[in-house]
Amino acid sequence: MSAAATRRLTTAQALVRFLAAQYTERDGMRHRLIAGTWGIFGHGNVAGLGQALVEYRETMPYHQGRNEQAMVHATVGHARHLNRLSAQAVTTSIGPGATNLVTGAALATINRLPVLLLPGDYFASHAADPLLQQLEHPVEADVSVNDALRPVSRYFDRITRPEALLTSALNAVRVLSDPAETGAVTLALPQDVQAQAYDWPEEFFADRVWRVRRPAPDPADLAEAVRAIRAAARPLIVAGGGVHHSEAEPALKALVDATGIPVASTQAGKGALRHDHPADLGGIGHTGTAVSDALARTADLVIGVGTRYSDFTTASGTLFQHPGVRFLNLNITAFDAHKLAAATLVCDARSGLAALTDALAGHRVDAEYETEYRTGRARWEEAVEGAFRADDDSAVPTQTQVLGALDTVVGDEDVVINAAGSLPGDLHKLWRARSPRQYHLEYGYSCMGYEIPAALGVQQAAPDTPVWALVGDGTYLMNPTEIVTAVQENLPVKLVLVQNHGYASIGGLSESVGAERFGTDYRHRVADGSFTGAPLPVDLAANAASLGMDVLRAKTVRELREALSTARAATRPTCVYVETAPPGTALPAEAWWDVPVAEVSAREAATEARAAYERAVADRRRHL
């Protein structure tokens with residue numbers, strides 16, 4: 001290899017230069033694959049990647065995080081908003097910095113969203129052994145704490161020699177850019193190898209484009225799918241996140257407009273149709289709408305588009321009750337397409353939907369079926385209005401009235417982010433999604449603490465878009481630290497902080513399964529050991545202000561609307577703090593969810609819950 005064809009750099013420098021030259025391309029549009037790197041420095045990355053990021057700071061933007069898990073959440077929010085065509089990297093020190101990545105990695109992989117993890121690792125040479133924060137295993141010397149990332153990564157490698165990066169870096173970006181394979185990708189980087197120099201081929205640093213293809217459905221599979229749809233009297237589309245990732249919303253609308261087939265959506269798929277489309281039925285499953293779940297119980301063909309059929313979607317196997325129900329799944333990933341013993345279209349969502357529309361020319365569902373579901377959605381819209389309506393503007397708002405107030409403030413372009421607690425159920429049932437990217441619910445992992453850092457990632461992806469993080473008090477206490485990052489980078493995210501003094505969602509679940517809300521309130525402990533005393537004197541609004549946010553306190557419905565309007569216009573990070581009145585949620589679940597109940601107990605609440613459980617589980621079906 002001639003000297004003219006190589007460049008001598010450290011491994012860390014080479015990796016940063018390589019990442020800066022990677023691009024995705026779909027439909028003729030090119031995107032930078034790794035748009036920036038988040039990092040918290042310590043031993044294990046400060047002298048390697050830290051130095052490299054300083055050296056190439058003009059080509060690789062750097063973002064300073066405060067919590068490693070939160071940094072991953074930020075990158076996930078960024079990737080989701082950009083339909084997986086652009087991602088970010090995260091670098092950490094060894095030890096706790098690295099293990100703090102595991103939760104975020106699991107979230108990314110479960111949700112099929114790309115993120116590149118670059119944790120530091122032990123000395124590959126074992127020159128310093130054991131190292132500070134190094135895990136010692138008595139019979140496996142090559143094990144480190146980073147091995148905890150293996151099961152939650154779609155690709156994992158430990159780079160023990162500089163030249164190993166040539167192969168592994170290409171494999172890493174191949175997985176990141178592949179819609180059927182993507183998720184968390186981990187390159188564990190021993191700190192001595194990061195600093196070692198090597199003569200790298202110049203070709204390694206050339207611009208490289210990873211084309212994101214749109215594979216078409218197999219003709220035989222397409223013909224089978226068309227026969228199934230034409231034969232169905234009560235077909236129902238279940239739209240999942242794959243519709244958004246493929247930017248297939250117009251193709252879905254074209255199919256629905258042509259055929260009249262109604263659409264229910266998962267948490268990840270909500271907004272696939274605009275909320276006021278006559279065939280949009282809203283959410284489906286345990287947190288679904290009454291009209292969606294009623295049609296799901298009687299559907300004879302369920303057409304899943306880009307969904308992985310979580311237990312919330314299927315109501316733990318109890319939702320699809322038609323005696324002859326069959327499934328047709330359109331998915332870029334064969335693993336998901338084959339679920340529920342379905343007929344399959346393994347293809348890109350947009351390509352598959354367009355092919356179905358063409359092949360179904362002239363076919364439309366029966367007019368009586370259309371009338372039925374349109375009548376059902378009109379009734380549900382009345383329920384939404386009732387939940388949102390506040391008859392007294394001077395009253396303390398309920399949680400659903402908080403959503404109603406926000407509904408009056410947001411524009412079509414706003415993004416609403418949530419992940420955990422009782423808010424996901426209310427949002428899935430009630431929120432009126434105005435655009436494909438507005439409804440941002442992370443419900444694959446339902447990770448408390450996701451919302452605030454994810455808002456930062458979305459705000460980076462869409463700088464001029466109002467971004468709202470909806471957070472309960474329990475979630476806020478899990479992970480508020482990236483407020484400091486929002487202030488540092490002047491990201492004008494809007495935080496709606498709902499104080500209901502405890503884990504409202506799990507409290508309600510606890511009561512329903514006979515656990516009597518034990519350990520779910522933020523209250524003083526009383527004599528019998530339970531937490532049923534007065535609310536704790538905790539001021540979360542003051543905490544948000546101490547971290548640098550502008551804070552608006554709203555005590556009434558009127559003040560809430562005013563505060564939300566002010567926050568939307570704000571040009572710096574702003575929090576709207578509101579304490580809500582009971583009930584925490586206004587509308588009950590329309591379908592079951594399986595949480596096993598104690599089979600025997602001396603307490604009446606548990607025995608009653610077990611009886612209800614046995615009645616519900618009897619409706620479970622195995623779709624074979």
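Let me start with E442, which, leaving aside its neighbours within four places in sequence, is in contact with L107, N111, N418, A419, C447 and Y450 in this predicted model. The residue sits in the loop between β19 (439–441) and α18 (451–461), and although E442 is buried, it has no salt bridge, the nearest side chain of opposite charge being that of R308, 6.8 Å away. What the side chain of E442 does reach is the backbone nitrogen of S446, at 3.0 Å.

Turning to the salt bridges, of which the structure holds 35, I would pick out the one between R234 and E372, where the closest N and O atoms are 2.8 Å apart. That pair links distant parts of the chain, with R234 in the loop between α8 (219–231) and β12 (235–239) and E372 in helix α15 (residues 367–388), 138 residues apart. E372 itself is partly exposed, at a relative accessible area of 36%.

Another salt bridge joins E370 to R364, with 2.9 Å between the closest N and O atoms; here E370 is buried, its relative accessible area being 11%, while R364 is partly exposed at 38%. There is also a network, in which salt bridges that share partners join E381, E385, D407, R432 and R434. D407 is among the buried residues of α16, a helix that spans residues 399–409 and is mostly covered, with 10 of its 11 residues buried.

Finally, on the surface, F41, V46 and Y62 form a nonpolar patch with about 240 Å² of accessible area together. F41 lies in the loop between β4 (34–39) and α2 (49–55), and counts as partly exposed because its relative accessibility is 34%.

Terms used: Residues are numbered from 1 along each chain as its sequence is written. This is a predicted model: local features need pLDDT of at least 70, side-chain atom pairs count only at pLDDT 80 or more; totals for chains, interfaces and linings use all residues. Side-chain values use heavy atoms; hydrogens and water are left out. Patches are made of residues with over 30% relative accessible area and no salt bridge: like charges are joined within 9 Å, nonpolar side chains (Val, Leu, Ile, Met, Phe, Trp, Tyr) within 5 Å. Accessible areas come from the Shrake-Rupley method with a 1.4 Å probe; for residues, only the protein chains shown count as cover. A salt bridge is a side-chain nitrogen of Lys or Arg within 4 Å of a carboxyl oxygen of Asp or Glu. Helices (H or I, at least four residues) and strands (E, at least two) are DSSP runs, numbered from the N terminus. Buried means under 20% relative accessible area, exposed over 50%, partly exposed in between (1.4 Å probe, protein chains only). Lys and Arg count as positive and Asp and Glu as negative; His and the chain ends are not counted. A polar contact is a pair of N or O atoms within 3.5 Å; within protein, one must be able to donate a hydrogen and the other to accept it, and residues adjacent in sequence count only if both atoms are side-chain atoms. Contact means heavy atoms within 4.5 Å.
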